[in-house]
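Me: I'd like to go through this model with you. Shall we begin with the pocket?

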Amino acid sequence: MKTIIAPSLLSADFTNLDSEITKMENAGADWLHFDVMDGHFVPNISFGVPVLKSIKGKFNLINDVHIMISDPYFYASKFIKAGAQILTFHYEACKNDNDVFRTIDLIHSYGAKAGLSIKPGTPIFKIFPFLYSLDLVLIMSVEPGFGGQAFIEDSIDKIAILSKKIKQNNIKCLIEVDGGINGETGKKCVEAGANILVAGSYLFGHDDVEERINKLKL
Ligand code: DX5
Ligand code: ZN
């Protein structure tokens with residue numbers, strides 16, 4: 001399977017969103033990664049439903065929405081109605097395993113694909129109970145909240161353990177990695193079993209973005 005590339009909109013020039021996204025589309029990106037932050041679950045505030053709504057249906061990129069927010073169950077349907085085709089919420093934002101399962105079911109009931117994300121400090125086995133229900137797991141290779149951070153090397157082991165679990169049990173769940181992704185770290189993640197790479201600062205603001213995307217796809 002070819003590696004899927006998802007540029008993170010958080011690193012885009014917000015005064016030129018149309019041309020920024022078109023540039024990514026023309027450079028070979030597959031998905032568009034929306035980093036929604038509420039200033040409560042993470043110490044930063046980014047953007048929400050209005051930005052997603054303004055982009056819905058205008059590009060040929062899959063809207064891959066990563067909600068770093070508290071109470072994902074309450075907000076899930078709002079993001080799906082606004083255009084989220086994949087909605088990924090945080091394990092750490094849920095009260096218990098039942099809350100995770102009911103949020104996955106809710107996302108599916110609105111016709112979107114469900115992703116579950118874990119922070120660097122959360123052990124990978126915590127999300128094993130949900131693998132049969134999920135469309136993807138998003139492994140954070142930086143502390144969620146900001147673009148431009150350094151890749152956390154321990155993430156490679158988490159990817160490898162999860163990939164082995166998925167392959168051994170023939171589970172249909174994809175692995176997405178997010179944070180500090182560049183030519184070098186991206187290659188290590190794919191070798192460990194990642195299917196989707198999110199990249200913000202490595203892609204936005206560079207004239208050789210097509211070369212960079214091709215390098216991530218190798
Ligand atoms: C961090 C976000 C990431 C981030 C990636 O909380 O979830 O998607 O924007 O940015 P880079 O690729 O610059 O680390
Ligand atoms: Zn993200």
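Me: What is the lining of the largest pocket like, by class?
Reply: It has 6 nonpolar, 4 polar and 1 charged residues. Asp, Glu, Lys and Arg count as charged, Ala, Val, Leu, Ile, Met, Phe, Trp, Tyr, Cys and Pro as nonpolar, and the others, Gly among them, as polar. The model is predicted: local features need pLDDT of at least 70 and side-chain atom pairs 80 or more, while totals for chains, interfaces and linings use all residues. Residues are numbered from 1 along each chain as written, chains are lettered from A and ligands numbered from 1 in written order, and side-chain values use heavy atoms, without hydrogens and water.

Me: Which residues line the largest pocket?
Reply: Met1, Thr3, Ser163, Ile166, Lys167, Cys173, Ile175, Val190, Gly193, Ala194 and Asn195. Helix α5, residues 155-168, gives the most to this lining, with 3 residues. Helices are DSSP runs of H or I with at least four residues, strands are E runs with at least two, and both are numbered from the N terminus.

Me: On to the metal. What coordinates the zinc ion (ligand 2)?
Reply: His33 through NE2, Asp35 through OD, His66 through ND1 and Asp178 through OD, at 2.1 to 2.3 Å. Donors are N, O and S atoms within 2.8 Å of the metal (3.2 Å for Na, K and Ca), and sites may look incomplete because water is not among the atoms. The sequence spacing of the donor residues is H-x1-D-x30-H-x111-D. Asp35 is in strand β2 (residues 31-37) and Asp178 in strand β7 (residues 174-178), so the two aspartates tie together parts 143 residues apart in sequence.

Me: Is aspartate 35 buried or exposed?
Reply: Buried, at 5% relative accessibility. Aspartate 178 is buried too, at 7%. Buried means under 20% relative accessible area, exposed over 50%, and partly exposed in between (1.4 Å probe, protein chains only).

Me: And what share of the 218 residues in the protein is buried?
Reply: Buried residues make up 53% of them. The protein has 7 helices and 8 strands, and its C-alpha atoms fill a box of roughly 45 × 35 × 30 Å along the principal axes.

Me: Backbone next. What is phi of aspartate 71 near?
Reply: Near 50°, which is positive although the residue is not glycine. Most residues other than glycine have a negative phi. Aspartate 71 sits in the loop between β3 (62-68) and α3 (72-81) and is partly exposed, with 37% relative accessible area.

Me: Where is asparagine 170?
Reply: In the loop between α5 and β7. Asparagine 170 has a phi near 50° as well, and it is exposed, with a relative accessible area of 60%.

Note on methods. 1 Å grid on protein atoms, 1.4 Å probe; cavity = no way out; pocket = protein on both sides within 12 Å on 5 of 7 lines; lining within 4 Å.
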